[in-house]
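Let's take a walk through this protein together, starting with the overall build and ending at one pair of residues. Keep the view open beside you as you read.

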Amino acid sequence: MAKQQQKDNTEMRRIAVLGGDRREIPLIEALLEDFVVAVYGRAPLETPAGAALCRTAAEALSGAVGLILPMPGIDKEGGLFCGARPRIPIEASIFGLLPKNAPVLVGAASPFLKQAAQEYGLDLLAMAETDAVAIPNAIPTAEGAVAIAMQESDGVLFESISLIIGYGRVGEALAARLDGLGSKVFVANRGETRRQKAEADEYCTVEWELWADLLPHADFIFNTVPAPIILAEQLKKLKPSALIVDLAASPGGTDFEAAKQQGIKAILASGLPGRFSPRYAGEILAGVYPAILQQKLQNLK
């Protein structure tokens, strides 16, 4: 039986999984049903039985036909996200170990990763903003944001004033939870369609050009816009007890240094599903990634 299993494994394609956190546990478990899985940059206790734990990234990539990187991916300096552990430096040249057009799945693609994928002719798929991942991920993100607001503030959400900047998937999920806890929710969104959606959902809306006028009254500010938006000029309008929870991808949309200088508590809270609901977030990936890999690899035949 063992020999038969070994024979079957030799006929299965190899997928490399680099870095990550507990979100990848259910994903790796799902991948093992159809692939040989080689991992690097993970703690042994966060590596499901059956996956090969490699000593180097090159060892994991050797013979692989596809690559999975963590949701935060590899930063612009080439640092591989490894959960709570320090980031591991990655050389761009290791991507040359993958075959041409090999699928590379990641949450967010940094300039470093985009350049490497282009140089070595890889099929880079940034999954964080796809509906299959982003829509279900909005739920743990919103619930994590509420948890941070409750932990980090001196007050309560009930009868507070919350300003949500950006009414996309996360903003919509967050508004419903804040409203359910008794916070008065105001929404600012640049696009007219989503602003009208917020109005239809019976939240107070603020014209995009005027959202900063609400800052003196806000107890909580939740930013979902991945661009510099809450800068020193806007921070001056906040009351000292206000709390900013920035949900945009790193580096966020807040001038955190200016906030510190002005005594405003501002928290960069990207990647909340991995912190608050890793199993749930991992099951989302497990339900999406294997099918994408199968399809991409089938097309390469």
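The paragraphs below go from the whole chain down to a single sheet.

What you see is a predicted model. The protein holds 12 helices and 14 strands. Along its principal axes, the C-alpha trace spans about 70 × 35 × 35 Å. How does the radius of gyration fit with a compact globule? For 301 residues such a globule would have a value near 19 Å, and the protein has 21 Å, which agrees.

Of the 301 residues, 49% count as buried. The accessible surface comes to about 14,400 Å², and carbon and sulfur atoms hold 53% of that area. As for charge, there are 29 positive and 35 negative charges, with mean positions 5 Å apart.

Strands of a sheet pair through backbone hydrogen bonds, either parallel or antiparallel. Here you can trace an open sheet of six strands in the order E3-E2-E1-E4-E7-E8, and the pairing is parallel. Which strands stand at the edges? They are E3 (52–53) and E8 (123–126); each has a single partner strand, so one side of each is left without a neighbour in the sheet.

Strand E2, residues 36–40, runs parallel to E3 and is joined to E3 by two bridges. Look there for Ala38, which stands opposite Ala52 in E3.

Note on methods:
Residues numbered from 1 in each chain as written. Predicted model: local features only at pLDDT ≥ 70, side-chain atom pairs only at ≥ 80, totals over all residues. Heavy atoms only, no water. Helix = DSSP H or I, 4+ residues; strand = E, 2+ residues; numbered from the N terminus. Rg over C-alpha atoms; globule rule 2.2 N^0.38 Å. Buried < 20%, exposed > 50% of the residue type's maximum accessible area, 1.4 Å probe, protein only. Areas by Shrake-Rupley, 256 points an atom, 1.4 Å probe, with all protein chains shown as cover. Lys, Arg positive; Asp, Glu negative; His and termini not counted. Charge placed at Lys NZ, Arg CZ, Asp CG, Glu CD. Pairing = 2+ DSSP bridges.
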